[in-house]
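Hi,

Here is the structure I promised to pass on.

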Amino acid sequence: MNFEAVKAIYIFEMARMRRTLLQSVVSPVLSTSLYFIVFGAAIGSRIEEINGVPYGSFIVPGLMMLTLLQNSISNASFGIYFPKFVGTIYEVLSAPISFLEIVLGYVGAAATKSLILGTIILATAHLFVPIEIRHPFWMLFFLVATAVTFSLFGFIIGIWADNFEKLQLIPLLVVTPLVFLGGSFYSIEMLPEFWQKVTLANPVLYLISGFRWSFYETSDVSVTVSIAMISLFLALCLGLVWWIFKTGYRLKV
Amino acid sequence: MQHAISISRLSKVYDSGLAALQEVDLDIHNGEILALLGPNGAGKTTLISIVCGIVNATNGKVSVQGHDIISEFRAARELIGLVPQELHVETFETVWDTVSYSRGLFGKKPKPELIEQLLRDLTLWDKKDNKILELSGGMKRRVMIAKALAHEPKILFLDEPTAGVDVELRKDMWQLVRRLREEGGVTIILTTHYIEEAEEIADRVGVINKGRLILVEEKNELMRKLGKKQLTLELNDVLESLPEALGRYDLDLENGGERLVYRYDTQAERTGIGSLLADLNRAGISIKDLDTEQSSLEDIFVTLVEETR
């Protein structure tokens, strides 16, 4: 294992976060605060409780997942797309490092950034509403598993994309709607029966549901199914990344 | 004897159907400076990219100090440094960070004193905290070289290192290349359009055209074998036409009849100069001055490439 190389990529990527601190940290904190004002204060005042949890507290796991998913994807996709765009990818490809080490460096840094953000969002939310974490281990598990999985997903998008438009395409057109419709701000029990069934096809629902369970022991679907779903998605992303490096897809000609 | 790089029957066909390399065989000796010459699209960069792991070969084998570039890619790549043709740099990084990053990427522990020395050697020390976007093109090229040398490679690829750089930087680079070879025993492979570059610093010259390696030869030997000389004779009196007695010589009358140019093969048993001078004397043609000139590597290169068209 070339630890020095993994460390080099990791530190290099984390340095980007330091350079763009305002954009990386302040912006998500601001949007979370806005969500709390709009959903928590304005709408929340009309919805008292969901499954025994005050509405403001209920939306915290969903908001954290929203930020985690969006940031994991954008950090990782940009992290690998930028060297491709400016051509510095030649250095990574010609270095004595395996695909696993490249992924560890890039995805590790992207996931770390998302975890830092998730923690900041949690702290910000704590300023607005009371928060209880009944299963800290599982909360951490969902947090880390989601950050890693979606950073891997972002890494795949970054390799697939050959222009900036494609880089934004999936996060904007697929991920954001799935997160909003995956129960971030409501329980699916609040939907008509037909839409409840449709929502079950949304993979993000399982992540949010499992994550919320780790906070308040209330969930839309079984927590075992949530764990199985995130594991399945992680395995899928790992398989795709392995294939990319094996074939050199969009990296080598 | 183990070669620095051994390339055997290497071919590359791109998805577009372009055969960039065709059955290339090449052994690169340890510690030599090899110049690869060839016109645009000849396959020079593809060859380098395959050895460095950036492009997949279609067929053939490459080993670096005996390490196969696929099955023993770590051992092979550790030995190689690459300065690509294009200026690929992380615009928002500082010079120090980007060079240190390159060392880490190749699995080497940080060695600030080495990075400092490199930056000083490349006159980049006072720019070490500057972001790369603040540097000129020439400075960026120096950063690329520092990055390639940061992990102390034993083999260095320079792909068109002096394309678009000023004379001063070009001379600096030549000096650096010589020093790397003399002090560190580094094997250097450079591709270039500038024949004078190959003529100046290379030990051997390889000529690639249309994906085929036409020849690889010691530079001096190549010039000796393929080099032609020409003897220029300035005449005292204008000559209207060549006398019949001189018909057996390869002569041209130039400059309105004031100059005779005689081309001869340096490898021939007899150059014919003695008899030409005697015949000129016999024909009553008197000579004011004479000069000889050997064809340059450029002439040889152009001839070779044209022959394979």
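K12(B) has L21(B) as its bridge partner, the latter sitting in strand 2 of chain B. (Strands here are DSSP runs of E with at least two residues, helices are runs of H or I with at least four, and both are numbered from the N terminus.) That bridge belongs with the antiparallel pairing of strand 1 (residues 5–13) of chain B and strand 2 of chain B, which extends over six bridges. For strands to count as paired, DSSP has to find at least two bridges between them.

Before I go on, some housekeeping. This is a predicted model, so local features need pLDDT of at least 70 and side-chain atom pairs count only at pLDDT 80 or more, while totals for chains, interfaces and linings use all residues. Residues are numbered from 1 along each chain as its sequence is written, and chains are lettered from A and ligands numbered from 1 in the order in which they are written.

As a reminder, strands of a sheet pair through backbone hydrogen bonds, either parallel or antiparallel.

Two residues around this sheet may be handy as landmarks. L18(B) is in the loop that links strand 1 and strand 2 of chain B. It counts as exposed, because 12 other C-beta atoms lie within 10 Å. (The cut-offs: 20 or more other C-beta atoms within 10 Å is buried, 12 or fewer is exposed, and in between is partly exposed, with C-beta atoms placed from the backbone.) L18(B) and G211(B) are 193 residues apart along the chain, yet their C-alpha atoms are separated by 9.6 Å.

H67(B) is the other landmark, and its place is in strand 5 of chain B. It has 17 C-beta neighbours inside 10 Å and therefore counts as partly exposed. Leaving out residues up to four places away in sequence, H67(B) touches E72(B), A75(B) and A76(B); a contact means C-beta atoms, placed from the backbone, within 7 Å. From H67(B) to V143(B), 76 residues along the chain, the C-alpha separation is 29 Å.

Now for chain B as a whole. It has ten helices and 14 strands, and 37% of its 309 residues count as buried. Its radius of gyration is 24 Å, whereas a compact globule of 309 residues would have one near 19 Å. (That radius is taken over C-alpha atoms, and the globule rule is 2.2 Å times the number of residues to the power 0.38.) Along the principal axes, the C-alpha atoms of chain B fill a box of roughly 80 × 45 × 40 Å.

Chain B is divided into domain 1 (5–223) and domain 2 (228–295), with bounds from an automatic or database domain assignment. The C-alpha centres of these two domains of chain B lie 45 Å apart. Strand 11 (residues 228–235) of chain B is joined to strand 14 of chain B by seven bridges, and the two run antiparallel. Across that pairing, L231(B) stands opposite T292(B) in strand 14 of chain B.

What about chain A? It has ten helices and two strands, in the pattern α-α-β-β-α-α-α-α-α-α-α-α along the sequence. A compact globule of 253 residues would have a radius of gyration near 18 Å, which agrees with the 19 Å of chain A. Of those 253 residues, 46% count as buried, and the C-alpha box is roughly 60 × 35 × 35 Å along the principal axes.

On confidence, chain A has a mean pLDDT of 88, with 100% of its residues at 70 or more; pLDDT is the predictor's confidence in each residue, from 0 to 100. Within chain A, the lowest mean is 80, in helix 2 (residues 21–43), and the highest is 94, in helix 6 (residues 136–160).

Last, the interface: 27 residues of chain B are in contact with 22 residues of chain A. On the chain B side, helix 2 (73–78) and helix 3 (95–105) of chain B are the elements that give two or more residues. Helix 3 of chain B has the largest share, with five residues. By type, that side of chain B divides into twelve nonpolar, seven polar and eight charged residues. (Ala, Val, Leu, Ile, Met, Phe, Trp, Tyr, Cys and Pro count as nonpolar, Asp, Glu, Lys and Arg as charged, and the others, Gly among them, as polar.)

Cheers

How values were computed
Contact = placed C-beta atoms within 7 Å.
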